[in-house]
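Thanks for coming. I will take a few minutes to walk through one structure, starting with the whole chain and then moving to single residues.

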Amino acid sequence: MSLDVIEKYHIRFDETRIHNDNTFSYLAGYFAKRVKGVGIAIYCVTYRDGSITYTEMDMEKFKDRWTVFAKRVAFMEQHNLKYFTYDSFFITCLLELKKKKDKTRYHEALNIFEQNGVPISLIKSFVRQRRKMDFTYKVKHFLYQLLKW
């Protein structure tokens with residue numbers, strides 16, 4: 001990735017407390033002319049007590065997380081990129097909120113998507129796709145277990 005590309009497309013890390021590298025990653029991958037894999041670790045995660053990663057998900061972190069997710073979905077949609085199959089983490093998080101019956105945060109997440117230009121109907125279609133995938137997996141697993149028996 002060249003500095004020219006970073007400057008030309010104003011690729012930056014988000015100024016958020018969590019997921020600050022997310023936007024940089026997908027923009028760099030999208031605008032790079034060439035991408036080359038290397039056989040060494042170039043990313044290191046450091047775990048420590050009190051780390052922002054391991055503290056409670058307060059409302060500020062919650063809004064940061066969902067804003068980053070929403071911006072990514074909006075970008076992918078604007079550029080007609082097929083991403084749901086490979087990027088369903090945010091749907092998993094959304095379903096967890098719904099399952100926990102955390103209506104306040106669930107609706108806040110949906111509002112954040114809407115504020116970032118992502119229609120709620122699109123998010124609901126992703127949820128339906130995810131549920132179909134989950135159901136299909138369960139059926140295949142059941143049939144596999146039955147055949148094994």
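Predicted model: local features only at pLDDT ≥ 70, side-chain atom pairs only at ≥ 80, totals over all residues.

Residues are numbered from 1 along each chain as its sequence is written, and side-chain values use heavy atoms, with hydrogens and water left out.

First, the overall picture. The chain has 6 helices and 0 strands, where helices are DSSP runs of H or I with at least four residues, strands are runs of E with at least two, and both are numbered from the N terminus. In sequence order that gives α-α-α-α-α-α. The C-alpha atoms fill a box of roughly 55 × 40 × 40 Å along the principal axes.

How much of the chain is buried? Of the 149 residues, 34% are; buried means under 20% relative accessible area, exposed means over 50%, and partly exposed is in between, with a 1.4 Å probe and protein chains only. Take the contacts, meaning heavy atoms within 4.5 Å, between residues at least 6 apart in sequence: 67% of these join residues at least 24 apart.

Now to helix α2, which covers residues 22–31 and holds threonine 23. Threonine 23 is buried, at a relative accessible area of 6%. Its side chain makes a polar contact of 2.5 Å with the side chain of aspartate 14. A polar contact here is a pair of N or O atoms within 3.5 Å; within protein, one must be able to donate a hydrogen and the other to accept it, and residues adjacent in sequence count only if both atoms are side-chain atoms. Beyond its neighbours within four places in sequence, threonine 23 touches Asp14, Val68 and Lys71.

Next, the aromatic rings. There are 9 aromatic pairs in the structure. Rings of Phe, Tyr and Trp (its six-membered ring) pair if their centres lie within 6.5 Å; planes under 30 degrees apart count as stacked, over 60 as edge-to-face, and the rest as tilted.

One of the pairs is tyrosine 26 with phenylalanine 75, which is tilted, with 5.3 Å centre to centre and 45 degrees between the planes. Tyrosine 26 is in helix α2 and phenylalanine 75 in helix α3 (residues 59–78), so this pair ties together parts 49 residues apart in sequence. Both partners are buried: tyrosine 26 has 13% relative accessibility, and phenylalanine 75 has 10%.

Which kind of pair do tryptophan 66 and phenylalanine 113 form? Their ring centres are 5.8 Å apart and their planes are at 70 degrees, so the pair is edge-to-face. It links tryptophan 66 in helix α3 to phenylalanine 113 in helix α5 (residues 103–115), 47 residues apart. Tryptophan 66 is buried at 1%, and phenylalanine 113 is buried at 0%. There is also one aromatic cluster made of Tyr9, Tyr26, Tyr30, Phe31 and Phe75.

Helix α4 spans residues 89–99, and its buried residues are Phe90, Ile91, Cys93, Leu94, Leu95 and Leu97.

Last, the backbone. Most residues other than glycine have a negative phi. Asparagine 80, in the loop between α3 and α4, has a positive phi near 55 degrees and is exposed at 59% relative accessibility. Lysine 101, in the loop between α4 and α5, has a positive phi near 60 degrees and is exposed at 68%.

That is the tour.
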